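Student: I am new to this structure. Could you show me how to read its features, one at a time?

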Amino acid sequence: MEGVERRLVGTEDECIVTSYGWCLPRSWNYGGSGCGFYDRDREPRCIDGQGNPLANRGAWCDQAWCYVDVDNCDRRPVETSTLSGAIYNRTALNSSLTPSSLYYSYETCGHLNYFSVDPHEKTLRDLPALRVSFPGDSGSGYTVVTKADGSKAGSIVEFMLDVFQIYDIEYTIVNVSQAARNFSPSSSYTACGYEVALNGTDLCIGNFWTTDSRREFVDFSGAIYV
């Protein structure tokens with residue numbers, strides 16, 4: 001990183017010591033001087049070489065954060081990936097403390113963490129292309145509806161398609177098979193869930209009742225109200 005003095009020697013009192021054997025002086029102010037906008041004017045991810053803010057800069061560029069003591073912070077501390085393997089030497093502050101990994105927090109400074117990727121978000125972004133199916137139109141007339149061109153619309157459909165777009169999830173719409181419809185001729189919702197059990201599709205989008213009989217062959221998400 002720019003402006004960071006890396007020394008191969010230094011006393012424990014002087015350093016945040018990393019597993020690679022080099023020393024970051026305690027006087028180093030990047031993240032170590034309380035809450036601050038440490039990345040707002042940093043190259044190359046927030047500004048260009050002329051000091052101009054990048055058009056596509058991340059939201060975290062304008063968020064305040066600081067390094068924290070993970071044992072004394074309940075504001076969603078996250079282990080640093082920027083300084084992989086870094087160890088926070090707390091022994092110099094209190095001899096009863098043992099060194100720990102280096103953690104930071106945006107929430108401590110009143111901002112949300114847009115820098116690190118939430119595990120749930122990572123899971124979504126890492127999904128393979130999905131096969132998606134729909135039951136018949138909902139009785140409510142607004143959660144799942146069929147348009148004149150045969151495509152699906154409605155509040156739950158639009159919500160899920162927005163999720164796919166936000167997290168770059170590729171998908172293909174597939175019809176519920178005759179075998180699934182034969183399994184449940186009276187309920188297109190049960191038939192759609194059974195299609196998941198048959199591995200003919202990955203996901204059924206609709207306003208489902210999570211009945212015991214359906215739970216015997218398919219898993220449901222938590223309740224979503226849209």
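Student: Which residues lie nearest the centre of the largest pocket?

Tutor: Rolling a probe the size of a water molecule over the atoms shows where empty space is left. A pocket is an open set of points on a 1 Å grid over the protein atoms alone, where a 1.4 Å probe fits, with protein on both sides within 12 Å along at least five of seven lines; lining residues have an atom within 4 Å of a point. Here, Gly 206, Phe 208, Ser 221, Gly 222 and Ile 224 lie nearest the centre, among 31 lining residues. This is a predicted model, where local features need pLDDT of at least 70, side-chain atom pairs count only at pLDDT 80 or more, and totals for chains, interfaces and linings use all residues. Residues are numbered from 1 along each chain as its sequence is written, and side-chain values use heavy atoms, leaving out hydrogens and water.

Student: How many salt bridges does a search of the whole structure find?

Tutor: Side chains of opposite charge can pair when their charged atoms come close. A salt bridge is a side-chain nitrogen of Lys or Arg within 4 Å of a carboxyl oxygen of Asp or Glu. The search finds 5. One of them joins Arg 40 to Asp 62 at 3.5 Å, N to O. Asp 62 also meets Arg 57, at 2.9 Å, and Arg 40, Arg 57 and Asp 62 are linked in a network.

Student: Is Arg 57 buried or exposed?

Tutor: Buried means under 20% relative accessible area, exposed over 50%, and partly exposed in between, with a 1.4 Å probe and protein chains only. Arg 57 has 17%, so this residue is buried. Asp 62, at 34%, is partly exposed.
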